[in-house]
Amino acid sequence: MGGAISRVCAIIVNYRTPDLTKRCVEALEAEKNSLPNLTVIVVDGHSMDDSVEILAAFCSSPKRNEWVRFLPLPINGGFGWANNQAILIAAKETPAPEFIYLINPDATVEPNAVVSLAAYLNAHAEVAAVGSQMLNSDGTTSGSAFNFPTVRGEFGRAARTGLVEKVLRIPPISVAATQARYVDWVTGGSVMLRLSALREVGLFDEGFFLYNEEVELMWRLKKHGWRVATEPSSRVLHMGGAATGVGGVNPDVKLGKRLPRYIFRSRSRFFGLTRGLEGATAAYLAWTAGNLFWWMRRFLGLAKGAPIDHQLRDHLRAAFPRIHDAEPSIATLASHPGQPPAWMINRWQ
């Protein structure tokens, strides 16, 4: 296949899921038959359990020590920051990898999943990021490719009423694909990035702790003229939420439970960085109005059987846009590894 000669560095960020991480690496071993230049960096995000001991021994075994590296981090700086640390190390290797492959520890690649992504990037020089088709544990397809969030979409997302989405002509969040195609963004659970594109536009913004950081990165890539694609021939089984307990690319649809503050903050930051404070405020107000519309429908008996939505109070307190939400904190390949993320230094989350 076209990806056979590619230099690919796969990055797995572990947080208290060492057994899943080991299984993820083992699934990648078969890909080396077609990608002999495949290397792996296993990152531990300061799990504070026995992950470091388990993964250090696993990665240093004679079977893996030549192509798997272990990187324990001193702090839990979040998804984007942890991946940035590994990317900075990989980019300084000689020769540097052409492509960076990010995969969640709770994901297992099917045969040729990584090879297919590398082949696609080799064949499409205009594409900076290509994602896999994610699969649920029962083999059904899961959300993998998406349209960018919009202000009117925030109203529809909170209102959860088909008629509202139809009247406002709100495009669906998820994009289904039976063949490779361009999309707005793909999940960071299994995505391959072109290192030269990251060199141009920067790495993950380190003002995020968790969620929406890959959406902002792909917004930035597209703003600079790059394409983002989905390649459904690359199939990856994904458990989802194993480390966070939240799960899903849109965790805020889980209505029956309280959600972490960082979910609301990351949404506000995404809108702040992509639409400015005015756009972030408009998105905040649109979601609030949509949620109040949902409560009105429930009061009138038009939303029977729907679980109680506990998000409004947390949204009002945590998602209100701050000035720093519109201030980028983008790492570059010239950044020094080990520097704490901006969200932690400035207590943004």
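**Reading backbone and core features**

Student: R16 lies in the loop between strand 1 (8-14) and helix 1 (18-29). What is the phi of R16 in this predicted model?

Tutor: Most residues other than glycine have a negative phi, and most peptide bonds are trans. R16 is not a glycine, yet its phi is positive, at about 65 degrees. Its relative accessible area is 46%, which places R16 in the partly exposed class.

Student: Is N212 buried or exposed?

Tutor: N212 is found in the loop between helix 7 (195-201) and helix 8. This residue is not a glycine either, and its phi is positive, about 75 degrees. With a relative accessibility of 11%, N212 counts as buried, the cut-off being under 20%.

Student: Which peptide bond is cis?

Tutor: The bond from T94 to P95 is cis, its omega being near -5 degrees. P95 sits in the loop between helix 3 (79-91) and strand 4 (99-103).

Student: How many residues of helix 8 are buried?

Tutor: An α-helix has 3.6 residues a turn, so residues three or four places apart point the same way. Helix 8 (residues 213-223) is mostly covered, with eight of its 11 residues buried. After helix 8 comes G225, which has a positive phi near 95 degrees.

Student: Which residues does L221 touch beyond its sequence neighbours?

Tutor: In soluble globular proteins, nonpolar side chains tend to be buried together. Leaving aside residues up to four places away in sequence, L221 touches A128, A129, A197, V201 and W226. L221 also belongs to the largest nonpolar core, of 62 residues, where L221, I11, V43, I87, I100 and L195 touch the most other members. Helix 9 (residues 261-299) gives this core its largest share, nine residues. A second, separate core has 35 residues, among them L55, C59, Y101 and V130.

Student: What do the secondary structure and the radius of gyration say about the whole protein?

Tutor: The protein contains 11 helices and 12 strands. Its radius of gyration is 20 Å, close to the 20 Å given by the globule rule for 349 residues, so the protein is as compact as a globular protein of that length. Buried residues make up 55% of the 349. Of the contacts with a separation of 6 or more, 82% join residues 24 or more positions apart.

Notes:
Residues are numbered from 1 along each chain as its sequence is written. This is a predicted model: local features need pLDDT of at least 70, side-chain atom pairs count only at pLDDT 80 or more; totals for chains, interfaces and linings use all residues. Side-chain values use heavy atoms; hydrogens and water are left out. Helices (H or I, at least four residues) and strands (E, at least two) are DSSP runs, numbered from the N terminus. The radius of gyration is taken over C-alpha atoms; the globule rule is 2.2 Å times the number of residues to the power 0.38. Buried means under 20% relative accessible area, exposed over 50%, partly exposed in between (1.4 Å probe, protein chains only). Contact means heavy atoms within 4.5 Å. A nonpolar core is a set of buried Ala, Val, Leu, Ile, Met, Phe, Trp, Tyr and Cys residues joined through side-chain atoms within 4.5 Å.
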